[in-house]
Structure formats: structure tokens, C-alpha cells
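Here are my notes on this structure, point by point. Please keep the model open beside you as you read.

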Amino acid sequence: MSYLVLARKWRPQRFQDLIGQAPIVQVLRNSIEQGKLAHAYVFSGPRGVGKTSTARILAKTLNCKGDPSAAPCGECASCKAIAEGADIDVIEIDGASNNSVDNIRDLRERVKYAPSGGNYKVYIIDEAHMLSTSAFNALLKTLEEPPPHVIFVLATTEARKVPLTVMSRCQHMPFRRASTGAIKDRLKHIAGNEKINITDGALSLVARAADGSIRDSLTILDQITSFSSDVNEENIKDLLDIANTGALADVALAVLNGEREGIFRHIEALIEHGTDLRAFAKDLIKFFRDLLVAKVSSSTEGLLELSQEEKSAIDSIIADFPAEHLTLVLSEVIKAEADVRTAFSPRVSLEMSLLKVSYLSSFMDINEAISALGGDGQGARPSSKPKKDNYRISRTPATKSPVSDKSPLASTDGSPPAPPENASTAPSGRKKTSTVTKKRSTSGKTALKEPSTVDTTSETFFTDETILKALVQRIEESDHILASKLQKARASLSPDTLSLTFSDNDAEICAKPFKDNPEFLEKLASELRAMPTRLEIHITHSEKESSNGLKERMKSEPVVMEALDLFDGRIVHVRKLKED
């Protein structure tokens with residue numbers, strides 16, 4: 001007799017053999033006992049969790065020749081035939097290959113006939129989501145009102161692809177993944193009956209690798225028994241390409257400590273060992289997740305299933321790193337895995353991703369940063385840096401300026417100008433000093449001198465450029481935004497008039513404050529020049545017309561009109577040439 005794989009040999013034959021599906025078992029048992037059986041079911045869930053097996057157990061229970069109960073005897077001809085897949089009243093249909101309207105039309109014709117030996121004809125449609133839309137529509141009427149001796153079971157791994165019109169006519173049973181602990185217990189039971197020598201740690205690895213699928217776990221166990229008669233953890237890791245705990249710990253430490261050379265060397269070692277970097281990236285996510293769980297949890301019981309080696313490696317790492325840092329690194333490694341999975345070169349993608357994550361090691365904790373800045377009231381605060389708007393266009397020259405002593409750039413008492421309160425040492429070591437005229441308040445503090453009565457007994461010389469700079473400097477002391485608007489102007493100075501010209505593009509934003517309140521600027525200019533000064537605001541319109549305006553004007557030109565008619569053309573762009 002040919003060898004029967006473990007997944008088929010140990011396929012559940014009774015409801016109590018199903019792993020991790022207690023709610024569904026309870027519903028089906030009660031429905032049978034109470035006689036409230038639905039005419040159609042949808043069994044959905046991941047692969048290998050028992051959907052088709054449950055459908056067969058349901059069929060056996062309904063057609064069993066023994067005592068009517070919720071447990072099939074497994075000994076009668078009907079139970080044996082269903083277990084072997086030979087019962088003519090239990091029809092299994094592959095939805096992927098029988099997905100046309102013709103297949104459904106044939107099914108509709110066959111459901112009319114009564115069962116040959118059992119109480120019910122049970123139609124099990126595997127991969128039901130693969131049926132075409134037309135096939136689903138053709139099945140609707142039969143699915144809603146089937147003959148009383150027919151029960152439909154639609155099994156699918158993708159319930160979202162089953163139309164809602166079908167779902168509404170069926171009872172939906174969502175199957176879930178089996179827990180790692182339940183899979184391990186089942187494997188231990190099977191290994192004992194099959195006389196398989198396997199360590200407890202190896203069973204844990206197989207259960208974890210199965211990812212909630214009972215069938216996958218039995219397939220792996222079947223495969224590993226062919227690999228070695230005595231199965232241990234190293235056999236499982238080699239066969240399934242599971243990353244070694246030591247390699248994971250080495251890479252994790254290199255990332256957390258910012259050892260960038262170490263990252264390259266560890267990945268090179270993985271390449272030499274033949275490790276699949278895409279699988280390694282997934283294992284690395286799980287390892288960092290284990291680190292974070294162990295860090296934030298007082299007890300990992302029920303949260304982590306770790307071997308002694310994994311527990312030792314994790315305990316040695318989490319002592320040196322805060323949970324905040326581990327959280328940031330884990331979130332970045334998750335993004336890195338997505339990049340590695342789709343990358344043309346997984347090695348380069350993994351190296352660059354881990355290299356970026358390693359720079360998190362140089363980030364300072366927020367509490368440490370506040371402490372370093374003196375936020376706790378104990379450390380010394382760093383010296384305040386001069387703001388950008390404290391810099392002036394002109395500075396006090398090192399040598400004597402030819403400007404008159406009456407110039408506002410010199411102090412009123414002949415001494416050097418007093419530095420502002422927030423003056424700081426420039427990179428060259430010299431103090432930055434304000435060049436704007438100040439006045440001393442009665443308390444001895446320096447205050448900004450407000451425009452006062454104009455002294456007409458003297459006159460200070462300014463050019464068009466220097467008057468604008470002086471005005472910008474003076475206004476910048478109290479309003480940086482207004483000063484930046486003034487910089488957009490062009491100044492023109494006459495004996496008693498200051499003309500400011502703005503372009504039409506700047507008129508609305510920059511010129512408006514000065515047009516609305518010209519007295520302020522007149523008073524300031526008069527003070528700087530030490531003579532009465534009147535302000536004029538001008539708006540210049542661009543010499544070049546708008547593109548649309550030029551096009552319209554050119555269309556009226558006789559030569560242009562003739563050219564357009566001759567070549568059936570249109571004006572795309574007009575450029576005004578400068579006159580010599």
C-alpha cells in the first residue's frame with residue numbers, strides 16, 4: 001500500500017477532532033440536535049484550518065446509519081465511503097475548474113434527484129470564490145430554494161469575493177487560525193502515535209512556521225521526518241530557512257547601537273550562509289517585536305513562546321535600550337521589510353534600510369534633551385543665539401566713518417553706540433552692535449527711539465540706496481514683516497521728498513501698508529534725515545503686456561491678420577522686442 005501523508009492520515013473525522021473552531025462546532029452540533037439545519041453554508045477562512053473537513057464531518061453526521069446524534073459512528077458504510085471520498089451522495093466540486101454557467105446548469109439538473117442511500121445529498125464547492133459572476137447568478141435560485149434533501153456547503157479562502165447576493169442566502173461560518181499552542185499539542189499527539197523523535201523546541205518551531213494552519217504543520221512534520229530520524233531545532237531551521245537566533249541578535253544589536261559597519265558584515269555572513277533575505281527580514285520584525293513585548297511587559301507568559309536561547313538573547317538586549325527606541329526601530333523595520341519584499345536587489349534594499357534605521361541610535365531622548373537645555377531648572381541654559389532678524393544691513397565700521405557726527409549712525413553723545421540687550425558674540429569674536437539710534441530710559445535700559453520732533457537745524461546726507469537701508473533697519477527693530485515689505489521698494493530721494501516705487505506685482509501686499517499710513521514713514525524718514533521729508537508712493541506697471549493682451553493687439557495688425565489667413569494659423573506666443 002502506498003504511503004499516506006500525515007495531513008490525510010490525520011484528517012479530522014469527528015467534530016471533536018477539529019482544532020480551534022469551537023464556536024462553529026457548537027453551532028453545527030446544536031443545529032443537528034435541534035433539527036434547525038440550514039440549507040446552505042459558507043465556510044470561509046485561511047488555508048488548512050478545516051473547512052472541507054468540517055463539511056465532510058457534517059455530511060457524515062447527516063447520513064450516518066448509526067444512532068441519530070451529533071457524532072458520526074465512523075463504522076457504517078456511509079461514514080467510510082465519505083471518509084474515502086467515494087460516497088455518491090456527497091459531491092465535492094472544484095470551483096476553480098467548474099466555474100462556468102454550463103457547470104452550474106448541470107448541477108441544477110442533478111439536485112432534483114433524491115439521495116441514493118443517505119438522508120441528504122451534500123454539495124461541497126471548494127474555492128467557491130473562483131466561480132464566475134454568471135455562474136453565481138445561475139446558482140442563486142437553486143441556492144435560495146433547493147429541494148429539501150439538498151444541502152450546499154461553499155468553502156472559500158476569500159469570502160469578500162463571494163457576492164453578497166450569495167452570502168445573504170447562506171449561513172456564514174468564519175473559520176480562524178489555530179493558535180500555536182493548540183497546533184503544538186496536536187503535533188505532539190501525532191508524533192507520539194507515529195513514533196517520531198522530535199524535540200519540544202523543534203515542535204514549537206514547526207507550530208510557529210505553520211502560521212495557524214493545521215495542514216501546513218503536518219506537511220512540515222512529514223517533510224522533516226524524511227530529513228532526519230531524530231528531529232531537533234537545527235534541522236527545522238535548516239530545512240525551513242529560519243534565521244538563527246544568534247544572527248538575529250547580532251543584526252539587532254548592530255542596528256540599535258548604530259554599528260553601521262557591523263550591519264554590512266552581518267548581512268555578508270547571511271549571504272555566505274545562503275539565507276533568504278526576504279525571509280530574514282520577516283524574522284527580524286518578529287525578533288524586534290519580541291524585544292518590545294519583553295521590554296514593556298512585566299511577564300511574557302501567554303505573550304511570547306521563546307526557547308531558552310531566545311529568552312537569553314532578548315534579556316541581554318532589552319536592558320540597554322528604552323521602549324521608545326525599540327518602538328521606533330520596529331516601526332521602521334516593518335517598512336524595511338515591505339521594501340525588501342518587492343526590491344530587485346533584496347541585499348541592497350535590506351542594507352540601506354537597516355543603515356537608515358541605525359541612525360536612530362544618535363537621537364537623544366526628549367527628557368535628556370530638555371535636561372541638557374536646562375529645562376529642569378538645574379542645567380545651565382545655552383546662550384541665546386541671535387535671531388535672523390537681528391542682523392542689520394550695515395554695521396558699525398572698525399575705522400572711523402566719514403559720515404557726519406550728526407548722522408543717526410553715530411551715537412548722540414559721541415560715544416560708541418550701546419549694544420542691544422540680545423547682542424551675542426559673532427563668529428569672529430566681535431560684538432554685534434545695533435546701528436539704529438537709541439535713547440536711554442529713566443530706568444537705564446535701552447529702548448527703541450520713537451519718531452519725535454524733527455530737528456531742522458541740521459541735514460544728514462543719504463543716497464537712494466542708503467536711505468532705504470536705514471529705514472529697513474529702523475523698522476526691523478519692531479516689525480520684521482513690515483521691513484521685508486519695504487525692501488521690495490525702489491527709493492528715490494529729492495531734497496524734501498522720498499519716493500518709493502513698487503511693482504504692480506507687489507502693490508497689493510507690500511505697498512498697501514505704507515499707502516494706508518504714510519505719516520509713519522514720513523516721520524521716520526524726517527528723523528533719519530534731520531529735515532522734513534514728504535513721502536510719495538508709486539506703482540509701476542510692467543512694460544510688457546499680459547500674454548492675452550498682446551495676442552489680442554496682434555490680431556488687429558493687418559500684416560498679422562493676413563499671415564493668419566494665408567497659413568490658416570493661430571497665435572501661440574507673442575514676445576515684445578526691446579527697442580535700441
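1. Start at Ser-44, which stands opposite Pro-174 in β5. Strand β1 (residues 40–44) pairs with β5 in the parallel sense, over 4 bridges. Two strands count as paired if DSSP finds at least two bridges between them. The helices (H or I, at least four residues) and strands (E, at least two) named here are DSSP runs, numbered from the N terminus. This is a predicted model, in which local features need pLDDT of at least 70 and side-chain atom pairs count only at pLDDT 80 or more, while totals for chains, interfaces and linings use all residues. Residues are numbered from 1 along each chain as its sequence is written, and side-chain values use heavy atoms, with hydrogens and water left out.

2. Which order do the strands of the open sheet follow? The 5 strands run β2-β3-β4-β1-β5, with parallel pairing. From one strand to the next, the twist averages 20°. As background, strands of a sheet pair through backbone hydrogen bonds, either parallel or antiparallel.

3. Helix α6 (residues 133–144) lies across β1, β3 (121–126) and β4 (150–156). Helix α6 runs at about 140° to β4. Axes are lines fitted to C-alpha atoms, for helices over the stretch in contact, and angles run from 0 to 180 degrees between N-to-C directions.

4. Now look at a helix pair. Helix α14 (residues 277–296) and helix α17 (residues 346–358) pack with their axes 9 Å apart, at an angle of about 30°. The two helices, α14 and α17, are therefore roughly parallel to each other. Angles under 35 degrees count as roughly parallel, over 145 as roughly antiparallel, 65 to 115 as roughly perpendicular and the rest as oblique. On the α14 side, the contact (heavy atoms within 4.5 Å) is made by Leu-277, Arg-278, Phe-280 and Leu-284. On the α17 side are Pro-346, Arg-347, Leu-350 and Leu-354. These residues divide into 6 nonpolar, no polar and 2 charged. Here Ala, Val, Leu, Ile, Met, Phe, Trp, Tyr, Cys and Pro count as nonpolar, Asp, Glu, Lys and Arg as charged, and the others, Gly among them, as polar.

5. Is Phe-280 buried or exposed? Phe-280 of helix α14 is buried, at 1% relative accessibility. Buried means under 20% relative accessible area, exposed over 50%, and partly exposed in between (1.4 Å probe, protein chains only). Leaving aside neighbours within four places in sequence, Phe-280 touches Ala-243, Ala-247, Leu-248, Val-251, Leu-270, Thr-275 and Leu-350. Phe-280 and Leu-350 are 70 residues apart along the chain, yet their C-alpha atoms are separated by 9.7 Å.

6. How many salt bridges does the structure hold? There are 25. A salt bridge is a side-chain nitrogen of Lys or Arg within 4 Å of a carboxyl oxygen of Asp or Glu. Asp-102 and Arg-105 form one, at 2.7 Å from N to O. They are 3 residues apart in helix α5 (residues 101–110), about one helical turn. Asp-102 is exposed at 52%, while Arg-105 is partly exposed at 45%.

7. Lys-469 and Glu-465 meet at 3.1 Å, N to O. Both lie in helix α19 (residues 464–476), 4 residues apart, about one turn. Arg-289 pairs with Asp-290, the closest N and O atoms being 3.9 Å apart. Arg-289 is partly exposed at 38%, whereas Asp-290 is buried at 4%. Glu-158, Arg-160 and Lys-161 are linked in a network.

8. Finally, check the backbone. Most residues other than glycine have a negative phi, and most peptide bonds are trans. Lys-195 has a positive phi, near 60°. Lys-195 sits in the loop between α8 (180–193) and β6 (197–198) and is exposed at 69%. Ala-530 also has a positive phi, near 60°. Its loop joins α22 (518–529) and β12 (534–540), and Ala-530 is buried at 9%.
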